[in-house]
Structures are given as C-alpha cells and as structure tokens.
Amino acid sequence: MADGEPEDVAAALNAAGLDGWITAMGLRLIRATRDEVEAELTIGPQHRQAYGIVHGGVHAGIVETLASIGAALHALPEGRSVVGLENHTSFLRAVRSGRLRASARPLDRGRRTQVWECSIHDDEGRLCASGRVRLLALEPDAVLAGQRAAGPPA
C-alpha cells in the first residue's frame with residue numbers, strides 16, 4: 001500500500017463472511033476502503049425474477065451493501081456504526097447472465113450522515129443499475145431495534 005492510500009480490507013471482509021445476504025448472493029468484494037468499494041457477482045438462478053432477468057432487489061441490495069461497507073469503514077475509527085436511511089436504485093438495463101461489477105464512492109461524508117453513489121455494470125461494461133444511499137452514523141452506545149448496535153466483525 002502506498003503512503004496515504006486507504007487500507008484495502010476486501011480480503012479480510014470476504015474471509016469474515018460479513019452477513020447472510022452477501023453469502024447467499026455470492027457477492028465477492030474486490031476492493032474495500034473508506035473511499036471506494038468494489039464487488040462482483042456471477043449471475044445464477046437465485047438472482048433472477050420470473051422473466052429470467054436479474055431481480056431489482058439484487059441490484060438494490062448490492063447498492064446498499066457497498067455503500068454501507070464504505071460508510072462503515074469511514075465511521076469505525078470514531079467507534080461509530082452506520083445504518084441506511086434511504087436507497088434510491090434505478091434499473092437501467094436488463095441482464096440475464098454473466099457477471100455484474102459494482103463500484104461505490106462517497107458523495108458526501110458528514111459527522112451524522114453520509115451519501116454514497118454506486119454503479120453496476122455488466123460484462124460488456126454497460127451500466128445496468130445506479131443508486132444512491134443515505135446513511136446515518138450511530139453513536140457507539142446507540143440502540144437499534146431494541147439492542148445495542150452491532151459493531152464490526154473482529
């Protein structure tokens with residue numbers, strides 16, 4: 001890693017098995033820093049809806065996941081965690097097979113909220129979906145759904 005370049009923790013996060021959704025979808029992180037998160041997904045039958053194209057929820061889930069990881073990496077040094085407040089995902093091109101590649105970058109990172117933008121491309125580099133996620137940074141002692149907010153995996 002070059003001086004000043006943010007630490008890439010993609011390999012460690014992949015090995016940790018972040019959560020059930022990422023594992024169930026087969027999403028693989030390629031790069032994960034506080035400034036950029038990239039991932040890829042090989043399309044399988046579990047990703048398709050009734051018309052045989054990738055389900056919009058898969059696209060929205062990828063957008064939310066990458067934005068959340070990047071926002072969390074930015075918030076963690078202050079002992080904070082993050083939760084999504086809004087996810088606006090647009091579906092631009094139907095995809096049936098192949099591999100999706102997604103990339104997310106911050107648009108704004110304040111003390112309480114962050115906004116991240118994500119784009120998803122197909123094997124031919126065509127834009128298939130694009131989204132923005134607004135996230136809230138939680139204080140270290142915050143309660144979420146009746147329990148203390150979970151910290152990052154060790």
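Student: Which residue in S4 is the bridge partner of Leu 41?
Tutor: Leu 100 is the partner of Leu 41. Before we go on, this is a predicted model, so local features need pLDDT of at least 70 and side-chain atom pairs count only at pLDDT 80 or more, while totals for chains, interfaces and linings use all residues. Residues are numbered from 1 along each chain as its sequence is written, and side-chain values use heavy atoms, leaving out hydrogens and water.

Student: What makes S2 and S4 a pair?
Tutor: Two strands pair if DSSP finds at least two bridges between them. S2 and S4 are joined by 6 bridges, running antiparallel, so they pass that test. By "strand" I mean a DSSP run of E with at least two residues; a helix is a run of H or I with at least four, and both are numbered from the N terminus.

Student: How do you know that S4 and S5 pair?
Tutor: Same test: S4 and S5 have 8 bridges in the antiparallel sense, and the definition asks for at least two. Arg 101, for instance, has His 121 in S5 as its bridge partner. A hairpin of 3 residues joins S4 to S5.

Student: Why are S1 and S3 said to stand at the edges?
Tutor: The open sheet has 6 strands in the order S1-S2-S4-S5-S6-S3, with antiparallel pairing. S1 and S3 (81-91) each have a single partner strand, so one side of each has no neighbour in the sheet. On average, neighbouring strands are turned by 20° against each other, direction ignored; the axes behind such angles are lines fitted to C-alpha atoms, for helices over the stretch in contact, and angles run from 0 to 180 degrees between N-to-C directions.

Student: Why is Ala 102 called buried?
Tutor: Buried means under 20% relative accessible area, exposed over 50%, and partly exposed in between (1.4 Å probe, protein chains only). Ala 102 has 3%, so it counts as buried. Ala 102 touches Ile 62, Leu 66 and Cys 118, among others, where contact means heavy atoms within 4.5 Å.

Student: What makes the largest nonpolar core a core?
Tutor: A nonpolar core is a set of buried Ala, Val, Leu, Ile, Met, Phe, Trp, Tyr and Cys residues joined through side-chain atoms within 4.5 Å. The largest one here has 35 residues, and Ile 62, Leu 66, Leu 100 and Ile 120 have the most contacts inside it. H3 gives the most to this core, with 9 residues.

Student: How do you know that H3 is mostly covered?
Tutor: 15 of the 20 residues in H3 are buried. H3 also lies across S1, S2, S3, S4, S5 and S6, at about 145° to S3.

How values were computed:
Lists of a residue's contacts leave out its neighbours within four places in sequence.
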